[in-house]
Structures are given as C-alpha cells and as structure tokens.
Amino acid sequence: MPSLTRADAERRAQTLAVTAYAIDLDLTGGDDPEHPTFGSRSTVTFTAQPGASSFLDLRAVDVASITLNGAAVDPGTVADGRVELTGLAADNTVVVEATMGYSNDGQGLHRAIDPADGLAYVYGHLFLDAAPRVFACFDQPDLKAPYTLTVTAPQAWTVLGNGAATATGPGRWELATTQPLATYFVTICAGPYASVTDEHDGIPLGVHARASLAESLRAQAPAMLQVTKDAFDYYHQLFGIRYPFGSYHQVFVPEFNAGAMENPGCVTFRDTYLFRGAATDDELLTRANTICHEMAHMWFGDLVTMQWWDDLWLNESFAEYMAHRTLTAISGSDDAWVDSTMSRKAWGYAAERAPSTHPVAGSPAPDADAALQNFDGISYAKGAAVLRQLICHLGDEAFVAGITAYLTEHAYGNAALADFLGAMEAASGTDLTEWSKVWLTTAGVDTLAAAMGGDGLRVTRRAPEAVPAQRPHTLDVAGWSGGTQVLDADVVLDQDEVVVRADVAGSVGLLIPNAGDLTWAQVELDAASLTALPVELPRVSQAQHRAVVWVALTDGLATARVDPRLVVDIFVAASPLEENSSILSRSGALLTSRVLADYLADEEVPSARDAVAGAARARLESAPAGSSQALAAARILAAATRDVEQLQRWSGSVDLPAGLDGDPDFRWLVLRSLAGAGAVSAADLEAAREVDNSMQGNLGALAARSALPTAADKAWAWDQLVGDHGRSNHERNALASGFWTGRHTDLVREYVAAFHRDIPALEGRVGQDALARVATLAYPRSVVEEATITATDERLAVGDLSAAVRRCLIDQQSVLREVLASRRAFG
Ligand SMILES: [Zn+2]
C-alpha cells in the first residue's frame, strides 16, 4: 500500500476542507477467530473547489457501498487504499459502508483475547496512518474536523473514546462531538474494561484496564490520578489555556506498541504500566512521566498539530521537556531529570551515533512511512535538551510567553517550525536564525572535554567533522575529590575553547563536564578522571553528576574509548552504595544487557558475571528489605548470576528477597536466566505459564522458551517468530528478545541468514511500526562477527526493504560495529 506523500497531502489540503465526520462502528459480529472483522459506516462532509477531484483513504476488507453527494461510486474502483472522488461540488457528503479487519499488531483497531478469562478487548491506535483501517477519511494531520462517533458493542462492554461516551440503549453508545481533531488522534476503547473514575477542577477523570488487572488498577489508581490532577493544575497555570477536550480518560490497553498515545480525551497506555508485582521507584517515575508527557500533548500536538510529519519535534520534544519540568515541579525532586539522563539522553546519544541521525527539525519526511522512522531519540531526547538550551538563551519568562502565544494563535489548527520560531522571537526580541540553524536544522552532537591547567578551567568543544556547526552551549563543570565537590563552574561555551577562572580547593580527582546535564553533548572524561572513577564515583553525592558519568561511560563504550572491563570495575565499586533508583536500574541494565551480553570477549564473561552478581548481592543485602534498591539489585542479580541453584530456589519461591514472593514478573526473569543456562525445559516453562495464565505469563514463557539453548527450541522459536501462527506484535517481540541471549553463538549462527531472509518477509503481515520493533529485537547482535556485518550489507544492497526494516538494519548493524571496534581495541 503506497504511503501518503507530502506532495499529495499538500495538494489535497488545497483542494478541500473537512467539515465533520460521523462514524458508526459495529463491534458485535465478525467473530471468525482467524480474521475477525467489524462494521464501519463513515459519513464525511467537506467543502471543495467545484469541479475538482481528490481521493479518500480507505483500507477495508470489504466495501459494501460508496455514495458521493447521493450518487453511487463503484466499490470496485477502490485501489491502493484510495477512493477517487471526481466532480466535487462546493459542499459534499461521502458515505462509505464497509467491513474492516481487526489488527493484532497494535495498529488500527487492535483486538486481543485475555487468556486469564477469555474476554476480548479492542482499542484504536490510528497513529500514524492507520485511520483508514477503521473508517474512510482524508488521512493527514492538517485536515482536522470534529468527530461524532456511535458504537454498537456487546452488552457487557464499556465504550470509551475522545468524546464523553453515553449508553443510549443495550450495547448502543453515543460519543459527544469532539473539537476538531487530526485523523490520527481518533480512538475507541471497547471491552469489559474495569474502571476507576474521579473528577478534578471540573474535568471528569477515569482510569481503565482489563478486568483481570482490576486489582492492580484499583490499588494504583490513586497515585496515577494524583499525578494527573497536579499536572492539570501545573499546565493550566503555565500555559494559561484550559484543557480543551472535555473528560480525560487513561486506558491501559493490551499489546500496545509504544509507551502511550495522546488521543485527546482518551489516552492509551501499554498495560505493563500497571504493575502486577513490586515496582522500583524509577518504574513509578517513568509511569508518572508518561502521564505528564501525554497530558502535555493535549496542548502540543492535539490542540496545535504539526502541519506535516517533518515537524514531529513540535509534538515530541515539547512533551518530553514539559513532562520532566512538570514532574520536577509537582514532586519537588530532581529525580525526573536524573532519570532523563540515564534513560532518555542515553537513548538520544545512541540515535545521534547511528547512521540514521537527523536534525531535530526539518528532516525530510517525503511520505508518512518515512516520518515514522523519526520517532526516535533525536525527536524526543535531543529536542528536549535543545529546548533547555533555548531557555538558557532566551530566559524562561520569554519562553513561556512564546509558547502561550504560539498555542493561542494556532489553537485547533496546525503549525510549522517557522510559526514556533516567530512566536519565540516576538516574545523575546531575539533573532533565532543562527541559533535554530545550528541546534534545530543541523544534525550532530558536539564532544565536550574539560581540563584543569595553570590558567584555570579549560573547556573545549569539538563538532563532528561530517556536519560542522558552531553550537553555543550553556553548561556547568563539576570537580570532585574524595567525596567533596571542589569545583562548580558555570560556563558559556560560545567558541571551541574557553578558559574560565576557577577556584579549586585542593586537587580535582574527577572532572565532570556538563555535570548538571543542561546541554546536549557527548562528554569525554579525561584519562585521570576515568582511572579514578572506581574510587571517586561512589563518593559523589550529587545523583545528577553520577548519572552524567554513567552516560559518558555508555558513550565511551560505544566509541571504543572506555574499556568494558573498567566499566565492570566501576559498577562493582559504585553499585553497592547507589541510592538513586534510576542510576542503579539503568547502570545494572547497561552491565547485564550490553557489557556482559556483547562487549566483553567470551573468556572474560564468567568472572565479570560473578563480579556484577557479587555487587548486586551486596546492594541487595545492604538495602532495606523490600525497598526499591533491593528490588533493583535482585533483578540485576537474577540476570547476572551463574548460581543456578540460587535461581532454582527463587523459581521455587524459596529464600526470595522480601516483597518478591508471588511476584510473577520476577519469577519470569528468574526462569529466563535459568532457560539461558539450559537449566529448565520447555515443559517446565509451560507448567509455569499454566500457573501464571495471563497475557504477561504467556509473553514470559515465550521469551524464556526462545532462550533455551537447544537446536530444537531455537527452531521452534524462530518458526513461531516469523511463521504464520497468528502471533501478535508482543508475542513476536517476546520471542525475538529471548532468542539471541546467552552467548550460544555456535547454536544461533545459522539464524543470521534466517534473520535477513525472514524478517523483511514479515512486511505486509506486520505493520511498519510493529515490524520496526520486531526487527530491532530480532537483529543478530550477539553474533559478534564480521560475517554478520557482511550479511547485513548484502541484504541492504538488494534494495527492496521497507523504510522501517531498512532503518533497523542500518542502525543495528552500526551498534554491532561499535561492539566489534571495542573488542578490537580492548580484546
Ligand atoms: Zn509523545
């Protein structure tokens, strides 16, 4: 199916304007388990240039009838997902009656059966271009219109959507007419959802989840609703514009591809945000952050929508920045920014190192599929960091005045980069031409370094050779020695080198450029600081500074400047004392999923695993029982340990750390480690799945089974991953995530060729968004050999790959190259 091009979208927006959509969905029939369907009737009223032609988007299983201004259009003329509309009048009505297919890849109207009780749930995820799989429409972000939906559903179901839903008869629902929305924001969530409702400042609130998650929902709803209320107050005060979409529902839905989606009035979240067992502080923080992120979108994205997908950053960079700002304001703690450093910025720097890196704004998005590729660490994390630099540049007052003006001027409409810059320039009186060129429309990350000399503190900036630019940075530099901060210098780096006078009490053991993480730059620690880290880092009392060091180490690993053995030493020294939940969890994941899994040579792994497990055990024993630190340490220990007997005791619920008895997700973590060690059988895993007969239990069993190190289990797992077994997006992700674990290179080497043959062939059966995730997880990154690089090169050369798969191959190959370079440097 061809993707909508920008040129087509511009032409269509010049030809017509949509007045209203009336959509009627029938979710009561179409129960064929192989190909479930639903009924869809779309009535679209629009104005046009008289006599003009255009097209409607429609991807139906079967089209019963189409009428344009009362005249029948032959359904047989629907081709490539388009209905040609000719001879348009000034005022038009098109009506389409069709049968649509439910999806099981998280795109369109997704339908899932909960194994816990056999109940069905559906939700709409119409982002990025899936709306025509649910109703006939003009599917592009700048043809906004109000929607009136009616739904017929099984009688036991609850129906939720963008407009407030009212039951008007048995199984019959009417949703209030919405404000003008872009097509990709329309949603319906329907099923026997469990609900908790509330109200705040005149806004009706609700949180909803599958019936089998009702207990978790009820226990966790008060905390989630409190964040929601606090964030509404904060946004109302900051923007001076009230939330414009009526009620606000947050629905935790199954098998969701992303973290959440900002449908106005009806935000969807992946339902693993409802914790079945214990949760660490950083997991709770991430959920609160996602709640604030989606709420920010109600203004940035929903009220004012980008004209075309090349201004995606106007949505995502703002939501990313605003969520951290809001969470910091309402919690009174900087933990959100520390978490941003550990999780979001590390992700963004990896994206910047990848061949696919691109400018924050103005990347060409010639069609919708190309735009999808830029939902990455650049559009989110870098964009948010660039906004922090913009605030340094303009001052916060001008920044806030600028965004209020921007939101007010373009409310219920669309905007582009020039509109945003114009609002900022008007509010601040500052010309942003040069600033926006280097920070927004030029790709690349500078490398910052610092050194103490006789003349003071010398801070240097190095732009990437491939994309030179003169980016100004506002940052701070910290110096530490034996647990005392001996240097705290604010620096404006507006040339390649600046020297600032700095008063230092004694010598500096550890020098940290960008310690407060205000700018976007790769931090290069000097040699003496690197060597000193095992001694100095555990004594640095500022969590933000420790986080910046960890991200510098992550970059240093990837650029072969930092020996992975040193990273093990630093973790072993620092983690037993680490109090910050984000740093402990994320540094632990860096060790278990990257250093132990990829970077270290095979012969180094056993002793390194013992060292990491020993540090995790020390943290588990020193942390208060049941604390976040204890939980994080237990997870790191379960992933790193070679002590099979310990894992077997834990899987049998013997000697479990406090708070983890009966925690099904911790048990799956343990079982997966046992599976990687070949210490359980497929039958054992099936027995465990029967005990935890849930959606998560099914995924845990699939991930563990695909990790089993036998030829037969690998063959089974690969067939389930790529074959026609009706596997959902999340099932394929689980199979892919277990497959390459455990360093069984000889066993899995043959699947390098299988990956390059079978994963691209999923195109058409799995949507692009879902396929990008499957392909990333399934990439043979653990076969650390030049032959894997070559196999990817050969597959790329064929030239038939979809945008999503191509991007994944290029970027994952780049990650593998980083590991190979590290092994050459330090092996
Ligand atoms: Zn977002």
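Q: Which strands make up the open sheet of three strands, and in what order?
A: In this predicted model, the open sheet has the order S25-S24-S27, and the pairing is antiparallel.

Q: Which are the edge strands there?
A: They are strand S25 (484-493) and strand S27 (510-513), each of which pairs on one side only. From one strand to the next, the twist averages 15°.

Q: How many bridges join S24 to S25?
A: Strand S24 (residues 473-481) and S25 run antiparallel and are joined by nine bridges. One of the residues to look at is Thr-474, whose bridge partner in S25 is Val-492.

Q: What packs on the sheet?
A: Helix H11 (residues 527-536) does, touching S24 and S27. The direction of helix H11 makes about 110° with that of S27.

Q: Changing topic to the metal: which residues coordinate the zinc ion?
A: The zinc ion is coordinated by His-293 through NE2, His-297 through NE2 and Glu-316 through OE, at 2.0 to 2.1 Å.

Q: What spacing do these donors follow along the chain?
A: The spacing is H-x3-H-x18-E. His-293 belongs to helix H3 (residues 281-297) and Glu-316 to helix H4 (residues 312-331); these two residues are 23 residues apart, and the pair links distant parts of the chain.

Q: Are His-293 and Glu-316 buried or exposed?
A: Both His-293 and Glu-316 are buried.

Q: Now Thr-228: where does it lie?
A: Thr-228 lies in helix H2.

Q: Why does Thr-228 count as buried?
A: Thr-228 counts as buried because its relative accessibility is 0%, and the cut-off for buried is under 20%.

Q: What does the side chain of Thr-228 make a polar contact with?
A: The partner is the side chain of Gln-250, at 3.0 Å. Neighbours within four places in sequence aside, Thr-228 is in contact with Leu-205, Tyr-248, Gln-250, Ile-291 and Met-295.

Q: Which residues touch the most other members in the largest nonpolar core?
A: In that core of 133 residues, they are Trp-299, Phe-399 and Phe-420. The element that gives the most to this core is helix H2 (residues 214-239), with 12 residues.

Q: And what does Phe-399 touch?
A: Not counting residues up to four places away in sequence, Phe-399 touches Phe-318, Tyr-321, Met-322, Arg-325, Leu-387, Leu-390, Ile-391 and Met-424. Another core, of 109 residues, lies apart from the largest one; Val-338, Ala-633, Leu-671 and Leu-820 are among its members.

Q: Back to strands: which way do the residues of S14 point?
A: In strand S14 (residues 188-191), Ile-188 and Ala-190 point one way, Cys-189 and Gly-191 point the other way, and all are buried. In a regular strand, side chains alternate between the two faces of the sheet.

Q: How do S9 and S14 pair?
A: S9 and S14 pair in the antiparallel sense over two bridges, and Val-122 has Ala-190 in S14 as its bridge partner. Strand S11 (residues 158-161) also runs antiparallel to S14, joined to it by four bridges. Thr-158 stands opposite Gly-191 in S14.

Q: Where is the cis peptide bond?
A: The peptide bond from Phe-127 to Leu-128 is cis, with omega near -10°. Leu-128 is found in the loop between strand S9 (120-125) and strand S10 (147-152). Most peptide bonds are trans.

Q: What about the phi of Tyr-412?
A: Tyr-412 has a positive phi of about 65° although it is not a glycine. Most residues other than glycine have a negative phi. Tyr-412 lies in the loop between helix H8 (396-409) and strand S21 (414-415), and it is partly exposed, with a relative accessible area of 31%.

Q: And the phi of Arg-743?
A: Arg-743 has a positive phi of about 55°, and it is not a glycine either. Its place is in the loop between helix H22 (729-739) and helix H23 (745-748). Arg-743 counts as partly exposed at 21% relative accessibility.

Q: Last one: how many residues apart in sequence are Ala-116 and Ser-694?
A: Ala-116 and Ser-694 are 578 residues apart in sequence, and 4.8 Å apart in space, C-alpha to C-alpha. Ala-116 is in the loop between strand S8 (108-113) and S9. Its neighbours within four places in sequence aside, Ala-116 is in contact with Ser-212, Asn-693 and Ser-694.

Note on methods:
Residues numbered from 1 in each chain as written. Predicted model: local features only at pLDDT ≥ 70, side-chain atom pairs only at ≥ 80, totals over all residues. Heavy atoms only, no water. Donors = N, O, S within 2.8 Å, 3.2 Å for Na, K, Ca; no water. Buried < 20%, exposed > 50% of the residue type's maximum accessible area, 1.4 Å probe, protein only. Pairing = 2+ DSSP bridges. Core = buried A, V, L, I, M, F, W, Y, C linked by side-chain atoms within 4.5 Å. Contact = heavy atoms within 4.5 Å. Axes fitted to C-alpha atoms, helices over the stretch in contact; angles between N-to-C directions. Polar contact = N/O pair within 3.5 Å; in protein donor to acceptor, adjacent residues only side chain to side chain.
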